Every structure is written in C-alpha cells, then in structure tokens.
Amino acid sequence: MRFLITLTLLCALVPLPSFGHAWLKLKIATMEYAPYTSTEMQHDGYINHIIADAFLETGVVVEFVSMSWEDALEAAKSGEYDAVSYGNFVRAREDEFFHSEPITAESLVFYVNKNAGPENWRELSDLSEHKMGVTDGYLYNDELASYIQAGSNIVKNSDDDTNLRALIQGDIDVFPIDELTGWYLLERDYSNAERNKVMAIKPFISTVTTHLLIPKGQSDSQLILALFNKGLESLTLEGKLTRFKRLLKEGYYQHPQKKVNFDRR
C-alpha cells in the first residue's frame, strides 16, 4: 500500500517536460506489425507514437528496438527491456506481464481463400474441415487459442506475410488476423489479382483491447505501469488519441515508398 501511495504521489508531481528535460529513459521491445508498429513508419507506427507521447507526458523518453514477437516477450521477461509494444489482452499472459490501460480496440477477423474457405461462420467447429494458418508465437483470444491448441487442421507459419501468401496460394483456407493489418498488408504488398483471391468474412472473431506489456518481477515495473497509464489518460483528455487515429486513417504513418490508399477501405 505504501508503495502504491508513493507511485501516486510521484505521478502527480511529475511535470510535463520536453525531451531535453526527461528524467527517465526506457527501452521498449517492439515488432513489425504495420500499420501499428514498424521501424519503417513515421514515429515507429501508430501505436508506438501513442506510447512515446504518453510516456513523454510524464517526463519519460523511450527507445524502441524491433525484433520478433517471441524474442520481444523473452527479452522483456529477462529484464533486457522495460516493456513490450504491444499486445492484445490475454488472460494467460497475466502471470508474467502487467497489461496497461487499453490503448486501442481492434477487431480480429478470419481472412479466407475465396475458392476453398467458408463464406461465413458461427462456431469455430464450423471451420474444422478447413486448414487454418496461424502465426507462430502469437497468443490469440482464449477461445481461439484453445481451438488452435486442440486442432488437427492448424498450420503454423513464422509471420503474417507468410500466412497471407499461403492463403493466396491455397496452401491454407483460413487465417485469423487483425482486420486493419490484414487489409493493410494486402494493399501494400500484393497485386490486385492476388488480393482478389482472398476476403474477410463475418462475423468478427472478437474485438480486443491492446496494451503496453510490462514484465512483472522487475523492481520498477509498477512505476513504469503507473507512469504510462497517467500519460495515456492525459493524451485522452487532451484529445490526442483521436488525432492520432485520424492520422492513421489518413495514411500518415506509412512507409513513404510503400504508400497505401486508405480511401479504398
């Protein structure tokens, strides 16, 4: 209780300085998950822009280091990094990580091969005759994670791009992915003919909240969590989260040589 009171007082007293007056610098492990996080995008992507500005509200600057999702989790747990940007809320992760207050809410959908995949679904059991690709190392929501663990029709690939390529080629029939990420990667990296071979189907799998992940067991974990949550609250009250979302929809964050027409959504 005394520690939490100290955190609260500290957060209340921290001024809103510029980069030049930062009192703390953090290293955050991130990954390539465009358009949300990517070293090839403005501000390292939409989510990382929010994270950096939220911390700056409390006088903290951050350095993002890109790596694979699995490496990011392991490096944070071992104390090499102060946090991971970013992850969906997954109950199974709570033993090892604090979840910050929600940063965004995103929709998880199934993309399917138009010739081999279903046109819609109601229960996960409806997909039992279809080969499902998943990205190795990802934690999906609890229901889907249980289905994946028990399923005999699951194909694991190293990244989302490999799964999308397999879906287009018909090597898999179904692939769960964040709706915007799936659309963005298809628009950025594939031809019209390739895009026309796949589609997103309804209903959504789920709408998930996204969070900064802070490893438990480190001496300053709760301080980092409190500082970020306070900064995120400030951004919300100032209307900056709405502004960042508008910038995302306008294509501000994307790679200048790999532009995507967001008006096609």
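**View 1. Helices α2 and α8 cross in this predicted model.** The axes of helix α2 (residues 46-56) and helix α8 (residues 221-238) come within 7 Å, crossing at roughly 100°. Helices here are DSSP runs of H or I with at least four residues, strands are E runs of at least two, and both are numbered from the N terminus. Axes are lines fitted to C-alpha atoms, for helices over the stretch in contact, with angles from 0 to 180 degrees between N-to-C directions. The pair α2 and α8 is therefore roughly perpendicular (65 to 115 degrees; under 35 counts as roughly parallel, over 145 as roughly antiparallel, and the rest as oblique). On the α2 side, Ile-50, Ile-51, Asp-53, Ala-54 and Phe-55 make the contact (heavy atoms within 4.5 Å), while α8 contributes Ile-224, Leu-227, Phe-228, Gly-231, Leu-232 and Leu-235. By class, the contact of α2 with α8 holds 9 nonpolar, 1 polar and 1 charged residues. Here Ala, Val, Leu, Ile, Met, Phe, Trp, Tyr, Cys and Pro count as nonpolar, Asp, Glu, Lys and Arg as charged, and the others, Gly among them, as polar.

As a reading note for these views, residues are numbered from 1 along each chain as its sequence is written. The model is predicted, local features need pLDDT of at least 70, side-chain atom pairs count only at pLDDT 80 or more, totals for chains, interfaces and linings use all residues, and side-chain values use heavy atoms, leaving out hydrogens and water.

**View 2. Phe-55 sits in the largest nonpolar core.** This core has 78 residues, and those with the most contacts inside it are Ile-51, Phe-55, Val-84, Phe-110, Met-132, Leu-144 and Leu-212. Helix α8 gives the most to this core, with 7 residues. A nonpolar core is a set of buried Ala, Val, Leu, Ile, Met, Phe, Trp, Tyr and Cys residues joined through side-chain atoms within 4.5 Å; buried means under 20% relative accessible area, exposed over 50%, and partly exposed in between (1.4 Å probe, protein chains only). Setting aside residues up to four places away in sequence, Phe-55 touches Leu-26, Ile-28, Val-60, Val-62, Leu-212, Ile-224, Leu-227 and Phe-228.

**View 3. Helix α8 also meets helix α9.** The axes of α8 and α9 (residues 240-249) come within 5 Å and cross at roughly 80°, so this pair is roughly perpendicular. Leu-232, Leu-235, Thr-236 and Glu-238 of α8 pack against Lys-240, Leu-241 and Phe-244 of α9. Sorted by class, the contact of α8 with α9 has 4 nonpolar, 1 polar and 2 charged residues.

**View 4. Helices α5 and α6, with Tyr-190 in the loop between α6 and α7.** The axes of α5 (residues 160-169) and α6 (residues 179-189) come within 11 Å and cross at roughly 75°, which makes α5 roughly perpendicular to α6. Asp-160, Asp-161, Leu-164 and Ile-168 in α5 meet Thr-181, Gly-182, Leu-185, Leu-186 and Asp-189 in α6. This contact of α5 with α6 has 4 nonpolar, 2 polar and 3 charged residues. Tyr-190 is buried, at 5% relative accessible area. Beyond four places in sequence, Tyr-190 is in contact with Asp-161, Leu-164, Arg-165, Ile-168, Leu-185 and Arg-195.

**View 5. Backbone details worth a look: cis peptide bonds and positive phi.** Most residues other than glycine have a negative phi, and most peptide bonds are trans. A cis bond joins Ala-34 and Pro-35, with omega about 5°; Pro-35 lies in the loop between β1 (24-30) and α2. Another cis bond, with omega about 0°, joins Lys-202 and Pro-203, and Pro-203 is in strand β9 (residues 198-215).

View 6. Where pLDDT is low, the predicted coordinates should not be read in detail.
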